[in-house]
Amino acid sequence: MMRASYSSHVAMPFMLALGAVLVPAVNAQSPGFFSAAQAERGAVLYAAQCAGCHGGDLGGGNRSPALTGDRFWVKWDNQIARKLYSVIITTMPANDPGNLSELEVSDALAFILRENGIPAGDKGIVQAKELNAIVLHRP
Ligand code: HEC
């Protein structure tokens, strides 16, 4: 009896401390922070407003960079996801910048990351500030 209650008192704070360490570590792995539905909406938006310059396969085009592969990851590996969001919302589409809503940018971001092999999760991006806690890693 004494023993059991002693060990549960020790285990509890230890597990809480472990949880506090693990939560950001999971976020930093980057999968699962956008939803499949978001990526699907992003695919439609991308085809209509981005593919003309960046290519249907994200491979890039005449003067527009690839949004996948080495060209993409040299720049975005280990970067905060919010940075990529910010580039899109302020500069894209290059022929009509500033015209996408925050939701559309989240969708486009989800699509680009899914196409780069980052798995979708259950929960979508609700607010851009959530992306401050996400570090992108090349899968
Ligand atoms: C008219 C052509 C054009 C359209 C349309 C366009 N882009 Fe771009 N995009 C560019 C060019 C050119 C650059 C490079 C800008 C620079 O480096 O200064 C770029 C850069 C980017 C980047 C940064 C890439 C990197 O690694 O630096 C992202 C992300 C991006 N575009 C996403 C999008 C999305 C999402 C859309 C659709 C909503 C879109 N673009 C539509 C031409 C276009």
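**A chat about the chain and its ligand**

Reply: Happy to. Let's start in a loop: Asn95 is found between α5 and α6. Keep in mind that this is a predicted model.

Me: Is Asn95 buried or exposed?

Reply: Asn95 counts as exposed, because it has 9 C-beta neighbours inside 10 Å, and 12 or fewer is the cut-off for that class.

Me: And how far is Asn95 from Cys50, C-alpha to C-alpha?

Reply: Asn95 and Cys50 are 9.9 Å apart in space, while 45 residues separate them in sequence.

Me: What about the peptide bond from Met92 to Pro93, cis or trans?

Reply: The bond from Met92 to Pro93 is cis, and its omega is near -10°.

Me: Now the ligand. Which residues around the ligand come nearest?

Reply: Cys50, Cys53, Met92, Pro93 and Ala94 come nearest, out of 20 residues around the ligand. So that cis bond from Met92 to Pro93 joins two residues of this nearest group.

Me: Which helices each supply at least two residues of the shell around the ligand?

Reply: Those are α3 (51-54), α4 (69-76) and α5 (81-91).

Me: How does the shell split by class?

Reply: The shell around the ligand has 13 nonpolar, 5 polar and 2 charged residues.

Me: Let's zoom out. How many helices and strands does the chain have?

Reply: The secondary structure comes to 6 helices and 0 strands. Along the sequence, the pattern reads α-α-α-α-α-α.

Me: What share of the chain is buried?

Reply: Buried residues account for 24% of the 139 residues in the chain.

Me: And among contacts between residues at least 6 apart in sequence, what share join residues at least 24 apart?

Reply: That share is 71% of those contacts in the chain.

Me: OK, helix packing. At what angle do α5 and α6 cross?

Reply: Their axes cross at roughly 125° and come within 10 Å, with α6 covering residues 102-115. The two helices are therefore oblique to each other. The crossing of α5 past α6 is right-handed.

Me: Which residues make that contact?

Reply: On the α5 side, the contact is made by Leu84, Tyr85, Ile88 and Ile89, and on the α6 side by Val105, Ala108 and Leu109. By class, this contact of α5 with α6 has 7 nonpolar residues, with no polar and no charged ones.

Me: And how do the axes of α2 and α6 cross?

Reply: The axes of α2 (residues 36-49) and α6 cross at roughly 95° and come within 7 Å. That makes α2 roughly perpendicular to α6, because angles of 65 to 115 degrees fall in that class. From α2, the contact is made by Gln38, Ala39, Arg41, Gly42, Ala43, Leu45 and Tyr46, and from α6 by Glu104, Ser106, Asp107, Ala108, Ala110, Phe111 and Arg114.

Me: What does Leu58 touch, not counting residues up to four places away in sequence?

Reply: Leu58 touches Ala66, Leu67, Thr68, Ile112 and Glu115. Its C-alpha atom is also separated by 9.4 Å from that of Asn116, 58 residues apart along the chain.

Me: And phi of Asn78?

Reply: Phi of Asn78 is near 70°, also positive in a residue other than glycine. Asn78 is found in the loop between α4 and α5. With 10 other C-beta atoms within 10 Å, Asn78 is exposed.

Me: Last one: where does Glu130 lie?

Reply: Glu130 lies in the segment after α6. Glu130 counts as partly exposed, because it has 18 C-beta neighbours inside 10 Å. The C-alpha atoms of Glu130 and Ala81 are separated by 9.0 Å, and the two residues are 49 apart along the chain.

Definitions and conventions
Residues are numbered from 1 along each chain as its sequence is written. This is a predicted model: local features need pLDDT of at least 70, side-chain atom pairs count only at pLDDT 80 or more; totals for chains, interfaces and linings use all residues. A residue is near a molecule or strand if its C-beta atom, placed from the backbone, lies within 6 Å of it. Helices (H or I, at least four residues) and strands (E, at least two) are DSSP runs, numbered from the N terminus. Ala, Val, Leu, Ile, Met, Phe, Trp, Tyr, Cys and Pro count as nonpolar, Asp, Glu, Lys and Arg as charged, and the others, Gly among them, as polar. A residue is buried if 20 or more other C-beta atoms lie within 10 Å of its own, exposed if 12 or fewer, and partly exposed in between; C-beta atoms are placed from the backbone. Two residues are in contact if their C-beta atoms, placed from the backbone, lie within 7 Å. Axes are lines fitted to C-alpha atoms, for helices over the stretch in contact, and angles run from 0 to 180 degrees between N-to-C directions. Angles under 35 degrees count as roughly parallel, over 145 as roughly antiparallel, 65 to 115 as roughly perpendicular and the rest as oblique. A crossing is left-handed if the near helix is turned anticlockwise from the far one by less than a right angle, and right-handed if clockwise.
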